[in-house]
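Open the structure in your viewer and keep the selection tool at hand. The stops below say what to select and what is there.

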Amino acid sequence: MDSKILSTLEFHKITNKLVHHAATSLGKNVSGQLAPVSDLEDVKLMLQTTDEAYKADRLKGNAPFGGVVDISASLHRARIGGTLNPAELLDIAATARGARRVKKHIDNLHEDDPIPLLFGLTEQLSEHKPLEDAIFDCIDDNAEVMDSASPELASIRRELRSGESRIREKLEQMIRSSSVQKMLQDSIITLRNDRYVIPVKQEYRSHFGGIVHDQSGSGATLFIEPEAIVSMNNKLRETKAAELREIEKILQKLTARAAEHVEDLLYNQELLGRLDFAYAKARLAHEMKATLPRMNDRGFLKIKRGRHPLIDPEKVVPLDVELGNQFTAIIVTGPNTGGKTVSLKTVGLLSLMAMSGLFVPAEEGSQLCVFDSIYADIGDEQSIEQSLSTFSSHMTNIIRILKSMTSKSLVLLDELGAGTDPAEGSALAIAILEHIHKLDSRIIATTHYSELKAYAYNRKGVINASMEFDVATLSPTYRLLVGVPGRSNAFAIAERLGLSQAIIDHARGEVSEEDQRVENMIASLEEDRLSAESERNTAEMMRREMEAQRKRHEAELERFEEQRDKMLQKAQEEAHEAVAKARREADQIIADLRRLALEEGASVKEHKLIEAKRRLEEAAPELATKKKRPAGGGAKKPAKIGAGDEVMVYSLNQKGIVVEIGASDATVQLGIMKMKVALDDLELIKPVAQLNKQQPKQTASLKRSKEDSLRMELDLRGANLEEAIIEVDRFLDESYLGGLGQVYIIHGMGTGVLRAGIQQYLRKHSLVKTYRLGKYGEGGAGVTVAELK
């Protein structure tokens with residue numbers, strides 16, 4: 001892309017904003033070099049990267065780029081054998097750690113919400129944890145080599161501290177001496193040339209032995225190293241030299257380790273710069289309230305409420321424009337300061353931003369095109385130095401554009417044909433537009449010439465447009481109206497400003513009849529447009545209201561369904577609890593009955609208990625809606641219910657038989673359970689008299705005929721223990737009544753569970769005298785033989 005075009009459309013101001021949002025110097029370098037791309041697939045990838053960064057920034061904020069700096073110079077020095085200083089090594093470790101943190105941050109994001117392009121970049125980041133640890137173990141946050149960097153350095157520094165301590169002790173003894181104190185300017189110990197000295201008065205120089213290292217500005221004070229500590233200072237200097245040598249050795253080792261990873265670290269630098277650049281684009285999009293445009297290479301653009309990104313958002317007027325579908329050229333007419341130039345720049349700058357992988361400040365669904373180049377001739381480029389007039393300057397620029405443009409170019413021309421004779425200027429403007437139109441380039445041009453309105457009206461693929469002007473306020477609204485040619489508002493403005501009506505009428509008479517018809521037609525078109533726009537706005541408002549109402553209804557329905565589900569869930573939990581409680585009570589009752597049977601010898605049949613428990617399980621209430629009580633209180637009057645009546649218990653949704661009636665409640669038999677129930681919770685179903693008619697009284701007698709065949713064996717193979725015990729009890733009763741003395745119970749070998757359960761039951765049965773396993777020929781361990789009493 002021509003740098004002149006980027007300058008004309010002020011693209012550098014966008015990159016400056018982008019640089020401001022970069023977190024690292026690496027990202028700032030990449031941002032500052034941003035330029036448009038002319039390949040559609042490349043642009044789509046760039047925009048997808050921005051979209052992923054936008055989503056990542058919205059969900060988790062900026063990536064942790066803290067500590068990442070440009071270490072390329074240090075790495076190049078390490079590669080050629082130079083020794084890095086502690087600060088440079090610390091930057092390398094901090095950058096390596098920053099790369100690791102960024103990688104972890106984006107990897108975690110990718111697991112929750114895929115961001116494949118950013119994840120692809122972080123996958124290429126190499127980790128250097130051992131190098132980080134080695135550097136951080138040796139160098140502290142102040143870029144000082146620590147004692148722990150090596151045992152030798154620790155030993156040397158201990159010796160240094162010890163030597164300094166001895167020297168200070170010696171000097172403090174001296175300055176505390178009364179004979180020495182009178183010779184001192186101050187009782188202090190200080191350093192000169194890295195050697196410990198004391199301040200001595202000039203007049204006592206001859207009385208005080210040692211080496212003079214410095215003197216005060218007035219010469220009244222000499223800084224003398226006493227002879228007694230010269231050898232100690234010399235030793236200290238030697239120890240410091242040893243410290244420097246050891247530090248140099250440590251730095252060389254760390255530099256050598258860094259040099260082993262130079263290529264990986266340099267590539268990490270590049271990747272981190274690109275990642276920071278992506279996040280900078282995302283934050284710029286947030287600042288501009290920009291959206292992701294849809295891209296094509298068909299020469300089609302459709303901008304919905306586009307805003308110039310360099311104008312105050314509170315003042316900018318949104319732009320709606322479409323180009324490249326039904327028409328490939330737009331001719332904008334209208335007065336100066338109406339916003340024509342800003343409209344041109346907005347279209348050009350938004351196109352450049354999209355082609356650079358940036359979001360654009362426009363509504364969702366805006367479409368932009370990837371052009372092979374964008375050309376613009378905007379503004380007054382009069383050159384005094386080259387003795388070029390405004391017309392010559394424009395024409396020189398247009399000639400250069402005509403030589404370079406293609407059918408896939410976007411051409412923006414401001415004030416086409418201006419600066420010369422109107423007749424010749426308009427003719428030249430029409431000829432230039434026709435040439436560009438035949439080449440099928442996309443063009444937006446602004447002009448003052450009314451002749452171009454007729455050209456746009458008569459030429460297929462070319463459309464008129466204008467900047468709206470409010471005659472009532474005598475000011476432009478800066479709205480681009482595509483399809484409506486610009487009209488002269490001179491007469492209306494003059495009339496509102498108070499010019500004599502006679503003069504205005506005379507002026508109208510000077511205008512040709514044809515021009516009058518054109519102006520009237522334009523006025524009529526504008527009137528129709530305003531009416532249609534008003535109706536469209538009303539329809540849009542109604543649509544939004546309907547949409548809002550639909551969303552409210554959907555939300556209410558969702559809340560209702562949620563409440564219904566919660567109520568059903570609660571009802572199910574209550575029903576389960578009721579069933580569980582009833583089952584616990586029934587189990588307790590059965591256990592009590594068994595205990596009573598054992599204690600009192602009552603003839604409670606075990607199979608009957610098991611059968612009753614099975615009926616209880618089957619009678620567990622289904623999770624169904626309870627029957628509603630009749631209106632007006634629900635239940636029948638208690639006076640109508642008597643003992644023996646069949647009733648409905650509302651609270652349990654179960655039928656039962658009234659056993660006993662009380663003053664306010666009744667005892668009701670529900671299956672094998674008896675419960676006390678309030679009378680108003682009952683409804684009479686059948687009185688006792690009706691029940692007696694329907695059900696003849698049953699006796700507990702057992703009738704057998706002689707023809708009934710008696711079996712001596714019972715085959716229980718395949719049955720479970722509960723079923724088997726019921727059958728065994730029935731079999732023993734029949735055998736006993738039939739006069740059999742011995743019976744055979746076949747249970748099979750199996751796991752032994754059925755055999756053990758049956759034998760345990762036989763052991764307690766009142767009709768069984770003894771039992772044993774079958775002998776050889778009787779079935780062996782698969783048969784139990786029981787002898788009856």
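Begin by selecting strand E11 (residues 409–413) and strand E12, which run parallel and are joined by four bridges. Helices (H or I, at least four residues) and strands (E, at least two) are DSSP runs, numbered from the N terminus; two strands pair if DSSP finds at least two bridges between them. Within this pairing, Leu-410 has Arg-442 in E12 as its bridge partner.

Before going on, note that this is a predicted model, in which local features need pLDDT of at least 70 and side-chain atom pairs count only at pLDDT 80 or more, while totals for chains, interfaces and linings use all residues. Residues are numbered from 1 along each chain as its sequence is written, and side-chain values use heavy atoms, with hydrogens and water left out.

Keep E12 selected. Six of its six residues are buried, so E12 is largely enclosed by the rest of the structure. Here buried means under 20% relative accessible area, exposed over 50%, and partly exposed in between (1.4 Å probe, protein chains only). Show the side chains: Arg-442, Ile-444 and Thr-446 are on one side of E12, Ile-443, Ala-445 and Thr-447 are on the other, and all are buried.

How many of the five residues of E8 are buried? Five of the five are, so E8 too is largely enclosed by the rest of the structure. Ala-329, Ile-331 and Thr-333 point one way from this strand, and Ile-330 and Val-332 point the other way.

**The sheet with E20 to E23**

Move to the open sheet of four strands in the order E20-E21-E23-E22, where the pairing is mixed. Its edge strands, each pairing on one side only, are strand E20 (713–715) and strand E22 (768–773). From one strand to the next the twist averages 20°. Axes are lines fitted to C-alpha atoms, for helices over the stretch in contact, and angles run from 0 to 180 degrees between N-to-C directions.

Select E22 with strand E23 (residues 783–788): they run antiparallel, joined by five bridges. Tyr-771 is found opposite Ala-786 in E23.

Now show the helices that lie across these strands. Helix H22 (residues 721–737) lies across E20, strand E21 (742–746), E22 and E23, at about 160° to E21. Helix H23 (residues 753–764) lies across E21, E22 and E23, at about 155° to E22. Contact means heavy atoms within 4.5 Å.

**Aromatic rings**

A pair of aromatic rings is described by the distance of the centres and the angle of the planes. Over the whole structure, a search finds two aromatic pairs. Rings of Phe, Tyr and Trp (its six-membered ring) pair if their centres lie within 6.5 Å; planes under 30 degrees apart count as stacked, over 60 as edge-to-face and the rest as tilted.

Select Tyr-54 and Phe-359, a tilted pair with 5.3 Å centre to centre and 40° between the planes. Tyr-54 is in helix H4 (residues 40–60) and Phe-359 in the loop between helix H13 (340–355) and strand E9 (367–369), 305 residues apart.

Then select Phe-65 and Tyr-279, an edge-to-face pair with 6.0 Å centre to centre and 75° between the planes. Phe-65 lies in the loop between H4 and helix H5 (72–79) and Tyr-279 in helix H12 (residues 262–288), so this pair ties together parts that are 214 residues apart in sequence. Both Phe-65 and Tyr-279 are buried.

One more ring to select is that of Phe-223: the charged end of Arg-192 sits over it, 4.1 Å from its centre. A charge sits over a ring if NZ of Lys or CZ of Arg is within 6 Å of the ring centre and within 35 degrees of the ring normal.

**Zooming out**

Finally, show the whole protein chain, with its 23 helices and 23 strands. Of its 789 residues, 39% count as buried.
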